[in-house]
Every structure is written in structure tokens, then in C-alpha cells.
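Please examine the model shown here, with attention to how its two chains meet.

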Amino acid sequence: MSDINDIIHQPIRLKVMAALFAMESDAEADFTFLRDHLKLTDGNLGAHLEKLESAGYLSVRKVFIRRKPKTFVRLSRAGRRAFEDYVEALRLIIGDTHGFGEEQPGSGK
Amino acid sequence: MEVTQRQAKEALQDVDAVSRSIKGKMAYGIAGPILVLWGTVWVVCFLLTQFAPQISAWGWLVGNSLGIAGSLYLGRLRARTRTVRSDSAKRMGWRLFWFWFLLFIYADVWLAILWPWRGEQLGMFLVTLVMFAYVVMGLWLEMGFMLWLGLTVTALAGAGYVLSFWVPGYLNLWLGLAGGSALLASGLYLMRRWR
């Protein structure tokens, strides 16, 4: 047993962080894309995004595109580092000695 | 918070699954419709070349024009409606555009240098050239599906070319049915998998 980041270690927040981490480092994802891809509801995703945003792990930007409101979510540098540390900690728990940078999750196709 | 080995393993599996699905969606989101488009062009134009060779040159001109215009339209549509914004992805899109544009310019130069060629040689040249580009994209962009598609269609085309020495007169039919159908089926699969 080991200590681990309990903000990230929650099924939905973990998926949100993993999804944003899998994108390019400068990418920002549309709220609806995350909601549909992760099969969540508006309220559920919104609540977890708030939690992650208040931890400084991501930034939320609201814009109008063709007069329609859009919300974009982006992983912050602190969020990226926290996620790397989190995955590293999980690997240590299961006894995987490969560093996170050496073999990233989902690196294979 | 304390986490057991089992919970850690499950969490890592979740991370891996989400990561794979996001990367797949990013990489193959536009590839599906483009493959369907070019698969259709290949099937129709190669069948035209086989059964109505007198109008095949016009057929290819129209088919290729539709393919290029359609690919540009699909790229533009994706850029306008994209749900993940990234400057580096945008730059990659432009690099891919210029890669294909220059590849066809080079292909024209090579064909001019290699003239005269037979119709079958032209068909084989273009099919293997495009599949070589798929293989390169597959290797560089870590798109395993494109790599294997490129190698498979190249092998099918190569087998047809060798067979045509014993059974002449059917290579265009083979390239249309085997090559074009492989693109079409792959595109439909990707559209279904990563819609």
C-alpha cells in the first residue's frame, strides 16, 4: 500500500486527466468532446472539472464561436507533472520499475 | 490515500484504455472518410480502365480531381468543426498537406522521366507510390493501421502484377477490386471504430 494523489485517483477525474494527457501538450479539448468520449453527463463532468481546476491541474476557457458558447479545457503544466507523478506512483505500487518517460500509457497502437 | 496493488493495476489499465482511445481518435478521425473517398475513386477508375479503356483517362482526371477536392473539403470541415484545438496538430495537418502535394509533383516528374510506360506500369507505380506514403506516415506518426494497410495493399498489388505475366489483361480489375476495396473497407472500419 502507498500514498497517492487523491484528487486524480477518482475514476472520472482519472479519465479526464488521462484523456487530456494523451493529447498534444498545447491541446485544449471541447467540453462536449470530453463528455461524449468519456460517456459522462454535463453535470458530472462539470463538477469534476471544477475540482481539477481548483487544484490547478487544468484551465477552463469559455468562448463564443459563431454566437454559440463553447468551453475548452486544457491540462496545465502542474497538471501534467501531477499526472506523471501519479502514474509513476501507481507503477511503483505494482512493482513496475520502468520510468513514466520510458514507456507512456497507450504508447502502443 | 492508500492504494492496493490491485487498485493501482486497474487505474493504470484505465489510463491506458483512455490514452489509446484518444490517440486513436486524434490520429484516425479524418483518415476514415478520406480512405472511403479514395477507395471509391480507385474502384470506379480501375474498373473503368478495365472495361472502358477508351474513356479511362477522363475517368481518372475526374476521379482524381474529385478525390483531391474531397480530401481538401474534409480537411477544411474537420478544421472548422474540430473539438480539440492544438497549434502543433494544425502544423502537422499542413505538413501532411504539403507532403502529399509534393509527392504528386515528384510522381509527375518521375513519370515524365520514365516515359514511355504501359498503362499497367502506370497503375502499379501510382498504387505502390501512394501505399509507400501510407507506410511512411504509419512509421513516422506511429499509425500502425496505416502502416499495415500500406504493406497489405502493396503486397496485393505486387501479387497481381506478378500474376499478370501468366494471366494478362486483368491487372486493372485486380487493382480496383483488391486495392480499392482494401482502402474502402479500411475507411469504413475506421469510421465505425473512431466515429
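Over eight bridges, β3(A) and strand β4 (residues 68-75) of chain A pair in the antiparallel sense. Strands are DSSP runs of E of at least two residues and helices are runs of H or I of at least four, numbered from the N terminus; two strands pair if DSSP finds at least two bridges between them. Within this pair, Phe64(A) stands opposite Pro69(A) of β4(A).

This is a predicted model, in which local features need pLDDT of at least 70 and side-chain atom pairs count only at pLDDT 80 or more, while totals for chains, interfaces and linings use all residues. Residues are numbered from 1 along each chain as its sequence is written, and chains are lettered from A and ligands numbered from 1 in the order in which they are written.

The open sheet has four strands in the order β3(A)-β4(A)-β2(A)-β2(B), with antiparallel pairing. β3 (58-65) of chain A and β2 of chain B stand at the edges with a single partner strand each, so one side of each is left without a neighbour in the sheet. Two bridges join strand β2 (residues 28-30) of chain A to β2(B), and the two run antiparallel; here Ala29(A) stands opposite Val84(B).

In total, 29 residues of chain B are in contact (C-beta atoms, placed from the backbone, within 7 Å) with 29 residues of chain A. The largest share of chain B's side, 15 residues, comes from α1(B).

The mean pLDDT (the predictor's confidence in each residue, from 0 to 100) of chain B is 90. The model scores ipTM 0.83 and pTM 0.80.

Methods:
Contact = placed C-beta atoms within 7 Å.
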